[in-house]
Amino acid sequence: MLKLPDARKRHACHRIEKGKQDMPAVQTRNVRWTNDAFAPRVNESSPGYEAYYIVLSHGSSGRALWLRYTRLNPVRGKRQGPVGAIWASFFEAGRPQRHACNALMLPFEIVAEDRPPAGANAWLSPGRMVGAVETPQGRLSWDLHIEGELGVYQPLPLWLTRLPIGGSKDIVLDARATARGSVTLGSERMNFDGARGAPHHMWGTRLSREIYYSSTPQFDGDEEGWGIETVSVRPDPFSPLMSWATISRPGEVLSSASLWRMMTGSCQATYPALQSSLRGADFSLQFKTRLEESQITSYRFRDPDGKTRYVEQSDICPMEVQLNYQGRIRHLRSRAGGVVEFHRSSGPWSDRSHCDPYGELFKD
């Protein structure tokens with residue numbers, strides 16, 4: 001999904017090996033460089049799901065765009081074979097009337113190398129995201145080039161990703177990606193150059209039972225350029241909640257994802273508020289945030305068998321973080337640049353209408 005800087009001349013789907021000449025000059029801790037990150041994992045021979053997703057926060061304008069490209073191969077007996085979908089949501093701080101979202105089904109093949117797949121309204125390639133959906137606020141369309149800064153990595157220990165728990169794998173395509181291009185809503189075309197985000201590639205046989213996610217790619221007035229992403233996940237009904245954080249600034253990315261720290265981190269999720277306390281080998285952080293209730297998008301994510309995960313998300317949330325790194329405490333704030341998501345399988349978070357492009361596949 002990422003075009004890496006010209007100095008490295010590599011796409012994110014190429015291998016980046018620690019210690020090799022083409023390794024990014026990045027200081028790391030608990031980060032595992034990986035390979036073949038962009039290649040599709042789900043095929044037509046067995047059930048599975050796959051998602052490429054990103055939230056792009058454009059700090060100077062108070063706007064944000066969430067994009068999720070998915071490929072789903074349902075279990076046998078459903079009404080339709082493998083299908084794709086595009087999910088899109090636009091946010092603008094202080095202008096709730098501009099909040100726009102929709103999701104629609106697409107052909108299964110939505111991933112391209114250099115040209116759009118036939119019949120696809122939306123598609124993505126290693127360095128580009130293109131698409132459009134119709135919304136009550138007008139047609140929402142985008143053409144964005146995504147460039148990486150640090151490289152592709154897996155924050156979790158490799159042995160943990162191989163355990164028979166949960167049903168998902170996740171690769172971070174870059175913790176500090178930057179966009180070039182534009183987003184159009186109705187008749188207004190908006191420049192999204194410089195928008196920041198962390199694109200992910202996720203795949204598996206079933207979604208985690210419960211997730212609390214936050215991300216802030218940039219903070220107000222922060223001269224060091226910190227970005228922070230946190231995840232708390234309960235993979236299965238009887239597994240504990242595991243939490244970790246990834247922090248980054250130019251030339252540096254660190255993760256707290258060791259088993260001990262994942263198990264001892266705290267997460268308090270009281271919808272719509274979220275706060276957490278997490279610790280890495282070199283840092284600790286505490287944060288608090290809440291969904292921006294004037295602009296929330298609700299989704300129904302689907303497993304290949306049709307089981308539902310209910311998701312509520314807002315991408316213009318207030319965020320307060322206390323970060324202790326190398327003996328110095330930093331107080332980081334974003335007025336409306338935080339991303340917050342609540343996921344669960346036990347039922348909806350609210351009575352809002354849900355985007356559910358795959359709903360037709362699983363009707364009785």
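Modeller: A residue is called buried under 20% relative accessible area, exposed over 50%, and partly exposed in between, using a 1.4 Å probe and protein chains only. Aspartate 305, with a relative accessible area of 35%, is therefore partly exposed. Please note that this is a predicted model, in which local features need pLDDT of at least 70 and side-chain atom pairs count only at pLDDT 80 or more, while totals for chains, interfaces and linings use all residues. Residues are numbered from 1 along each chain as its sequence is written, and side-chain values use heavy atoms, with hydrogens and water left out.

Colleague: What does the chain average in pLDDT?

Modeller: The average is 88, and 87% of the residues score at least 70; pLDDT is the predictor's confidence in each residue, from 0 to 100. Over residues 4–24 the pLDDT falls below 50, although this stretch has 42 contacts in the model beyond near neighbours in sequence. A contact means heavy atoms within 4.5 Å.

Colleague: How many helices and strands does the chain have?

Modeller: There are two helices and 25 strands. Both are DSSP runs numbered from the N terminus: helices are H or I with at least four residues, and strands are E with at least two. Of the 364 residues in the chain, 58% are buried. Among contacts with a separation of 6 or more, 63% are between residues 24 or more positions apart.

Colleague: Back to aspartate 305. Which residue does its side chain meet in a salt bridge?

Modeller: Its partner is lysine 307, at 4.0 Å from N to O. A salt bridge is a side-chain nitrogen of Lys or Arg within 4 Å of a carboxyl oxygen of Asp or Glu. Lysine 307 counts as exposed, because its relative accessibility is 52%. Elsewhere, salt bridges that share partners join Arg63, Glu92, Arg95, Arg98 and Glu188 into one network.

Colleague: How many salt bridges does a search of the whole structure find?

Modeller: The search gives 23. One of them pairs the side chains of arginine 234 and glutamate 210 at 2.9 Å, N to O. Arginine 234 belongs to strand β17 (residues 227–234) and glutamate 210 to strand β16 (residues 210–216), so the pair ties together parts that are 24 residues apart in sequence. Glutamate 210 is buried at 17% relative accessibility, whereas arginine 234 is partly exposed at 21%.

Colleague: And arginine 249 and glutamate 252, are they buried or exposed?

Modeller: Arginine 249 is buried, with a relative accessible area of 16%, and glutamate 252 is buried at 6%. Their side chains meet in a salt bridge of 2.8 Å, N to O.

Colleague: Let us change topic. Where is the place of aspartate 303?

Modeller: Aspartate 303 sits in the loop between β23 (297–302) and β24 (308–325). With 3% relative accessibility, aspartate 303 is buried. Its side chain reaches the backbone nitrogen of leucine 207 at 2.8 Å, and a polar contact of 3.2 Å joins it to the side chain of arginine 309. A polar contact is a pair of N or O atoms within 3.5 Å; within protein, one must be able to donate a hydrogen and the other to accept it, and residues adjacent in sequence count only if both atoms are side-chain atoms. Leaving out residues up to four places away in sequence, aspartate 303 touches Leu72, Arg206, Leu207, Arg309 and Phe362.

Colleague: Which backbone oxygen does the side chain of glutamine 154 reach?

Modeller: That of aspartate 170, at 2.9 Å. Glutamine 154 is in strand β10 (residues 153–154) and is buried, at 12% relative accessibility.

Colleague: What is the relative accessible area of glycine 338?

Modeller: The value is 0%, so glycine 338 is buried. This glycine 338 lies in strand β25 (residues 328–344). Beyond neighbours within four places in sequence, glycine 338 contacts Ser215, Thr216, Ser314, Asp315, Ile316, Cys317 and Met319.

Colleague: Finally, how many cavities of 30 Å³ or more does the search find?

Modeller: There are five, and the largest cavity holds about 120 Å³ of space. On a 1 Å grid over the protein atoms alone, a cavity is a set of points where a 1.4 Å probe fits but cannot get out, and lining residues have an atom within 4 Å of a point. Grid points are joined across faces, edges and corners, and a volume is the space filled by probe spheres set on the points. The largest cavity is lined by 16 residues, with Ala175, Ala198, Gly227, Ile228 and Ser248 nearest its centre.

Note on methods. On a 1 Å grid over the protein atoms alone, a cavity is a set of points where a 1.4 Å probe fits but cannot get out, and a pocket is an open set with protein on both sides within 12 Å along at least five of seven lines; lining residues have an atom within 4 Å of a point.
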